[in-house]
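Please look over the sequence and the model shown below before reading on.

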Amino acid sequence: MNRRTLTLLVALVPILVFGVLASVVVVPFVSLGPGPIFNTLGEVDGKEVVSIEGADVYPTSGQLNMTTVSQRDGLTLGQALVLWLSGREQLVPRDFVYPPDKTREEVNEANTTDFRQSERSAEYAALLHMDYPMAVTVENVNDPGPSAGKLQDGDAIDGVNGKPVANLEEFQALVKQTRPGDTIELDYRRKDGPPGVATITMGEHPEGEQGYLGIGVLDAPWAPFSIDFNLANVGGPSAGMIFSLAVVDKLTPGDLSGGEVVAGSGTISGDGHVGGIGGITHKMLAARESGATVFLVPADNCEEAKSAPQEGMELIKVDTLATAVDALEALSADGERPHC
């Protein structure tokens, strides 16, 4: 073996070693990037993303696109380098996405819970915006529990033992007078059926002497129709605002999007407040690539959004559901709207 060949082989060793390491060594990072887009006025897998049964639904045009962030875990060194060099992905420490004190399953379960809560908040915010009356509303029924099979999620409770209740405070005051083994009658309204009376034997309360119904209730706007959100495998709370807008668009005359491709992201509370979200720049990139000309940005994210503007896409600043609706109506009429 001559010296030139030996020198070449010696030089190739570190390259080969790096190549092997790049293909097998897993790095403690997760990549974040543009995720899938869902038109909340459209369908996914043959089902309406926002389905409303029992009420008149108005035709819509254009799009109200929910944006997401993609995550890739278990990256090798080589994969991480390729994603980072692409300029489309952001590498963050794995502990930022999956805290060391929680399993991956626990994190995914929490994200799913947040998503389901965002659906309920989106419904409440939309109904409140459209001035539906408040009612003592069943948010969940424990199964097993005293009320299982007798009350359902979404029922409105109007009375306890013949006494009307107008709000949560009045309802709780009457329930606190009961003891385990007592039988009470609850007058209720149901979204997909006639009103009725549920006769329930109170159980043992885990935190006191009063009787136990085994339900979660809250004051919330109530309507006699059902709203379902048909998206699976999506986590987190950031779809709330767009879901609310889709409900309002379907239940009111006119066309919120004005035929435009509108995208956005933002959490929402039951009273219609829009909160900030993570990954705004990734979501904006996904929106532009899907053809969006407008992006609804939570006020808390405006500074970050302005740091990565997308050509040809207008950034509208929103802090409540009402300001988002007003901004879209102004967009349709070519009027003034708030910008980041």
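This report turns to the annotated active site and then to a selection of salt bridges.

The model is predicted, so to speak of local features a pLDDT of at least 70 is needed and side-chain atom pairs count only at pLDDT 80 or more, while totals for chains, interfaces and linings use all residues. Residues are numbered from 1 along each chain as its sequence is written, and side-chain values use heavy atoms, with hydrogens and water left out.

**Active site**

An unreviewed UniProt entry places the feature "active site" at S238 and K283; UniProt positions are given in the numbering used here, feature names are shortened, and annotations may be inferred rather than shown by experiment. Because no two of their C-alpha atoms are more than 10.9 Å apart, although they span 46 residues in sequence, these residues gather at one spot. Both S238 and K283 belong to the lining of the largest pocket (on a 1 Å grid over the protein atoms alone, a pocket is an open set of points where a 1.4 Å probe fits, with protein on both sides within 12 Å along at least five of seven lines, and lining residues have an atom within 4 Å of a point).

S238 sits in the loop between β15 (226–229) and α6 (240–251), whereas K283 is part of helix α7 (residues 280–289); helices (H or I, at least four residues) and strands (E, at least two) are DSSP runs, numbered from the N terminus. S238 is buried at a relative accessible area of 15%, and K283 is buried at 3% (buried means under 20%, exposed over 50% and partly exposed in between, with a 1.4 Å probe and protein chains only). Leaving aside residues up to four places away in sequence, the contacts of S238 (heavy atoms within 4.5 Å) include S265, I277 and K283, and those of K283 include T67, S238 and F295.

**Salt bridges**

The structure holds 11 salt bridges, each a side-chain nitrogen of Lys or Arg within 4 Å of a carboxyl oxygen of Asp or Glu. Three of them are listed here.

| Pair | N to O distance |
|---|---|
| E289 and R88 | 2.6 Å |
| D155 and R190 | 2.7 Å |
| D334 and R337 | 4.0 Å |

E289, in helix α7, and R88, in the loop between α2 (77–86) and β6 (90–93), are 201 residues apart, and their pair links distant parts of the chain. E289 is partly exposed at 45%, as is R88 at 35%. By contrast, D155 is buried at 1% and R190 is buried at 15%. In the remaining pair, D334 is exposed at 65%, while R337 is buried at 17%, and salt bridges that share partners join E314, D334 and R337 into one network.
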